[in-house]
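Student: Please take a close look at one helix of this model and at the strands packed around it. I should like the confidence of the prediction to be treated first.

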Amino acid sequence: MCVPWREESGLLLSSLRYNGALPSGDRGRRKSRFALYKRPKANGVKPSTVHVISTPQASKAISCRGQHSISYTLSRNQTVVVEYTHDQDTDMFQVGRSTESPIDFVVTDTISGGQPSDEAQITQSTISRFACRIVCDRSEPYTARIFAAGFDSSKNIFLGEKAAKWKNPDGHMDGLTTNGVLVMHPRGGFTEESQPGLWREISVCGDVYTLRETRSAQQKGKLVESETNVLQDGSLIDLCGATLLWRTADGLFHAPTQKHIEALRQEINAARPQCPVGLNTLAFPSINRKEVVEEKQPWAYLSCGHVHGYHNWGHRSDTEANERECPMCRTVGPYVPLWLGCEAGFYVDAGPPTHAFTPCGHVCSEKSAKYWSQIPLPHGTHAFHAACPFCATQLAGEQSCIRLIFQAPVD
């Protein structure tokens, strides 16, 4: 999750799928969320000198001057190198899979269900090592802009012969990364009234284009002149393997906090909901124990929403192990433990946690559940589908979320 920038509070980038923290814990530049603060000294850069080179040796010499540069290889005999100079008015933050020092926020591939990536999956990652860069103004209104590709340890970005690249009518070069950087700005901001926007692709120079026919096609989409690369509260950034949510400081100021979610958890537990069959009291586990199924954990039938304690009856077939018949209404469907959605930045309102995503069982407010249920998130290199923001599990078709029905204690 990213939070757009403010001098005193910073911006926030959050990775969808991680329910408040990485499975192995947040460490260094590997985190489920990353706050951007005004740097002590500006590190932004801006385009300056353009060189048209006819030999690889000359291109390499220019790229090794110690300045930031972007190289566009047009053919074996021609490369355009755009040198960048220091910009005292901006700060630059870089995101990618690489653990090298130029990357501020290290991301790994999203595995559906929130499972940590293993080494085999990491080596086959579709996320670029230097995926994108976010440039923030150091003065009000602290505008944040996103650009495809990031500078490597040599301060260079290289777009090879096979990369999509072109010369614009005004003469400046531009291009796209292999699998692209997609951005979706919600309509109406990130509020309970928000609606999904359209996915667009961002170029290396920050222009906005319609999507390519396939994620890595060499033919770019159409330029969308009416839109910009300025990040808004609730903007989604997809790096082809990981999706990030950008939250602004102002947006988070009006959003629920971790303390608020914990208070809601305690409020539910204080009401002492009961299993309507076993009559035992149910309780959502502590946020710190969200991966461990506990004895009092609430479970729910996701076809009807009735909440129970765990039991081992109601199986309808040997092949569908998770298909159960609800003892309250006889509806057949998935029966799963319920988990409270702990990442406050994913909530569009501060409402009570009354709805669960299907089929994962993560619980959040009604409006938050319905908002994420209508967001088509990129999946793989060509597909889109709605997913739970807390674990990235693909949501069920027509019934992607369900209202929960708790049984109050009979006193």
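Tutor: The mean pLDDT of the protein chain is 84, and 83% of its residues reach 70 or more; pLDDT is the predictor's confidence in each residue, from 0 to 100. Over residues 114-122 the pLDDT is below 50, and this stretch has 14 contacts in the model beyond near neighbours in sequence, a contact being heavy atoms within 4.5 Å. Where pLDDT is low, the predicted coordinates should not be read in detail. Among the elements of the protein chain, helix H2 (residues 119-123) has the lowest mean pLDDT, 44, whereas strand S16 (residues 208-209) has the highest, 98. Helices (H or I, at least four residues) and strands (E, at least two) are DSSP runs, numbered from the N terminus.

This is a predicted model, in which local features need pLDDT of at least 70 and side-chain atom pairs count only at pLDDT 80 or more, while totals for chains, interfaces and linings use all residues. Residues are numbered from 1 along each chain as its sequence is written, and side-chain values use heavy atoms, with hydrogens and water left out.

The helix to examine is H5 (residues 366-373), in which Ser368, Ala369, Tyr371, Trp372 and Ser373 are buried. Buried means under 20% relative accessible area, exposed over 50% and partly exposed in between (1.4 Å probe, protein chains only). The buried residues of H5 pack against strands S14 (181-184), S17 (236-238), S18 (243-247), S24, S25 and S28.

Of these, S24, S25 and S28 belong to an open sheet of four strands with mixed pairing, in the order S23-S25-S24-S28. Its edge strands, S23 (339-340) and S28 (401-403), each pair on one side only; two strands pair if DSSP finds at least two bridges between them. Strands S24 (residues 353-357) and S25 (residues 362-365) run antiparallel and are joined by three bridges, with alanine 356 opposite valine 363 in S25.

Strand S14 is also among the partners of H5. Val181 and Val183 point one way from S14, Leu182 and Met184 point the other way, and all are buried. In a regular strand the side chains alternate between the two faces of the sheet. S14 pairs with strand S15 (residues 199-202) in the antiparallel sense over four bridges, and three bridges join S14 to S17, also antiparallel. Leucine 182 takes part in both pairings: its bridge partner in S15 is glutamate 201, and in S17 leucine 182 stands opposite aspartate 238.
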